[in-house]
Amino acid sequence: MNRPVPLSTATLADLPQDILRPGYDRARLTPGIVHIGLGNFHRAHQAWYTHRLMQQGLAQDWAILGAGVRPYDAGMRDRLLAQDCLTTLIDLSPKGRSAEVTGAMIDYLPIAEGNAPLIAAMADPAIRIVALTVTEGGYFIDASGGFDATHPDIAHDVAHPGSPRTAFGAMVAALRLRRAAGQGPFTGLSCDNLRGNGAILRQVVTGLARLTDPDLADWIDANGAFPNSMVDCIVPATGPAELALAREIGIADAAPVTHENFRQWVIEDAFCAGRPDWDRVGATFTPDVHDYEMMKIRILNAGHQVLANAGELLSVPTIADCMAHPAIAALFRKVQSREILPHVHAVPGMTPTAYLDLIETRFANPAIRDTTRRVAFDGSSRHPGFVLPILRDGLAAGTPVDGLALVEALWARMCAGTREDGSLIEANDPDWSRLAEIASAARARPMAWLEQGAIYGDLAAVPRFADAFDHWLGMLWRAGTAATLAAYTQAD
């Protein structure tokens with residue numbers, strides 16, 4: 001095997017011939033997008049769409065500046081800058097693999113306390129879109145779905161508007177500078193898995209601005225744009241196996257990205273300062289994002305939570321392995337068919353049943369080593385965001401909810417911190433210590449788990465759900481996970 005080529009602009013011509021690479025002159029690109037939260041998903045998804053436009057000679061003034069607001073982002077910045085912000089994407093189809101080097105990102109902004117470099121970049125009128133992937137739990141949403149103005153990070157940004165701690169505080173500071181200079185606002189584009197993600201981004205940006213400058217908040221609300229969007233591509237975390245795979249392909253990339261052979265991006269065409277023509281490379285612009293995002297969030301994202309907690313308890317390492325596990329796969333199919341699909345609408349060209357078939361195929365792809373641990377991470381955001389809205393709809397409609405109650409019981413059992421084989425589940429939630437304490441108490445008194453008002457609200461007072469949860473969590477502790485799954489899946 002030949003020695004892998006260190007990735008950089010200077011070595012692109014030296015890469016193995018079967019690897020696609022930028023055909024455009026990256027030195028001539030100019031920035032138009034700042035992307036905050038530049039992880040694997042962004043590079044496999046939104047950056048890829050922009051790169052593909054550039055391959056057609058388009059969007060040369062829409063290059064991406066990466067950004068982060070936390071100290072831990074510095075490691076990714078160092079790795080990417082060392083290879084000229086190039087990324088190797090490795091497509092893992094069940095039929096084989098292929099690789100492509102993308103170059104739409106041209107710089108990664110310095111990470112500094114107070115976020116001065118980020119604010120300055122976003123204040124530049126050349127930046128017309130500020131996009132974000134900051135995870136579902138990063139939008140300061142309170143238990144009622146409103147803006148949580150009491151969070152310590154928000155309190156800091158209110159006290160120090162010129163040197164904020166959060167991405168949203170930095171956006172407000174930049175928008176303040178743009179208004180003072182007589183410039184228009186940028187579009188705020190959320191690329192996180194939240195229902196109505198654009199409306200939520202508008203809520204947090206204008207809500208934060210209103211706490212220090214109501215006139216600025218009104219200006220942002222009236223002149224800015226926050227399109228809703230739905231994003232979809234399964235992108236595992238990068239570890240030693242992915243680094244080795246890149247070297248095997250012939251590239252020494254310090255931050256390669258593996259991904260499935262599927263992408264979807266559905267976006268409201270509501271931009272205040274222009275946009276790339278992403279629809280030329282497969283994105284869909286539509287005024288009706290809601291049904292697309294509902295289908296994806298409920299079947300795929302909630303489906304991930306159906307699988308991951310059971311998989312952790314039964315020591316099943318990946319989502320593909322969960323789909324190959326008869327008991328977990330049976331749980332997935334029954335919960336989806338009986339309790340999730342009734343609350344999903346068709347979209348053009350796709351019924352809910354056909355989409356479920358597609359998701360099962362995608363989840364079962366053995367080439368995608370998407371760990372149950374990654375998918376189970378931050379359940380305190382993902383269950384309220386993905387699972388509980390379906391459960392509430394089922395309660396309101398009178399459709400079955402016992403499987404969704406079991407999913408919540410599996411999460412509670414997992415947060416107790418041990419698997420069925422006695423092995424330890426390491427902390428896997430920003431609020432893990434508190435969850436573990438409550439999960440331990442819930443072993444003797446299951447209602448202790450449902451009394452988490454910030455997560456379950458009034459659901460603890462709904463007998464049809466609370467009784468089912470009590471039944472399943474008790475059975476999980478008495479009989480074990482396998483027997484409990486069998487009791488649910490084999491019942492009429």
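Residues are numbered from 1 along each chain as its sequence is written, and side-chain values use heavy atoms, with hydrogens and water left out. Because the model is predicted, local features need pLDDT of at least 70 and side-chain atom pairs count only at pLDDT 80 or more, whereas totals for chains, interfaces and linings use all residues.

Helices (H or I, at least four residues) and strands (E, at least two) are DSSP runs, numbered from the N terminus. Two strands are said to pair if DSSP finds at least two bridges between them. Strands of a sheet pair through backbone hydrogen bonds, either parallel or antiparallel.

β3 pairs in the parallel sense with strand β2 (residues 31-36) over five bridges, where H35 stands opposite G66. β3 also runs parallel to strand β6 (residues 105-108), to which three bridges join it; here I64 stands opposite M105.

An open sheet of three strands has the order β5-β4-β11, with mixed pairing. β5 (96-102) and β11 (257-259) stand at its edges with a single partner strand each, so one side of each is left without a neighbour in the sheet. The twist averages 25 degrees from one strand to the next, with axes taken as lines fitted to C-alpha atoms, for helices over the stretch in contact, and angles running from 0 to 180 degrees between N-to-C directions. Strand β4 (residues 87-93) pairs with β11 in the parallel sense over three bridges, and D91 has H259 of β11 as its bridge partner.

Another open sheet of three strands has the order β9-β12-β13, also with mixed pairing. Its edge strands are β9 (229-232) and β13 (284-285), each pairing on one side only. Four bridges link β9 to strand β12 (residues 264-267) in the antiparallel sense; the partner of D232 in β12 is Q264.

N228 lies in the loop between α8 (214-223) and β9. N228 counts as buried because its relative accessibility is 15%. Leaving aside neighbours within four places in sequence, N228 is in contact (heavy atoms within 4.5 Å) with residues including G196, N197, V266, I267 and V289.

Helix α15 (residues 379-397) has 19 residues, which at 1.5 Å a residue should span 27 Å; its end C-alpha atoms are 25 Å apart, which agrees. The expected span is 1.5 Å times one less than the number of residues. A kink of about 40 degrees lies at L388, shortly before the proline P389; the bend is the angle between axes fitted to the seven residues ending at a residue and the seven starting there. Among the buried residues of α15 are F386, V387, L388, I390 and L391. G398 follows the helix with a positive phi, near 75 degrees.

A nonpolar core is a set of buried Ala, Val, Leu, Ile, Met, Phe, Trp, Tyr and Cys residues joined through side-chain atoms within 4.5 Å. The largest has 88 residues, and those with the most contacts inside it are I299, L331, F363, W449, Y456 and F465. Helix α10 (residues 290-313) gives the most to this core, with 11 residues. A second, separate core of 40 residues includes I127, V130, A170 and I200.

Methods. Buried means under 20% relative accessible area, exposed over 50%, partly exposed in between (1.4 Å probe, protein chains only).
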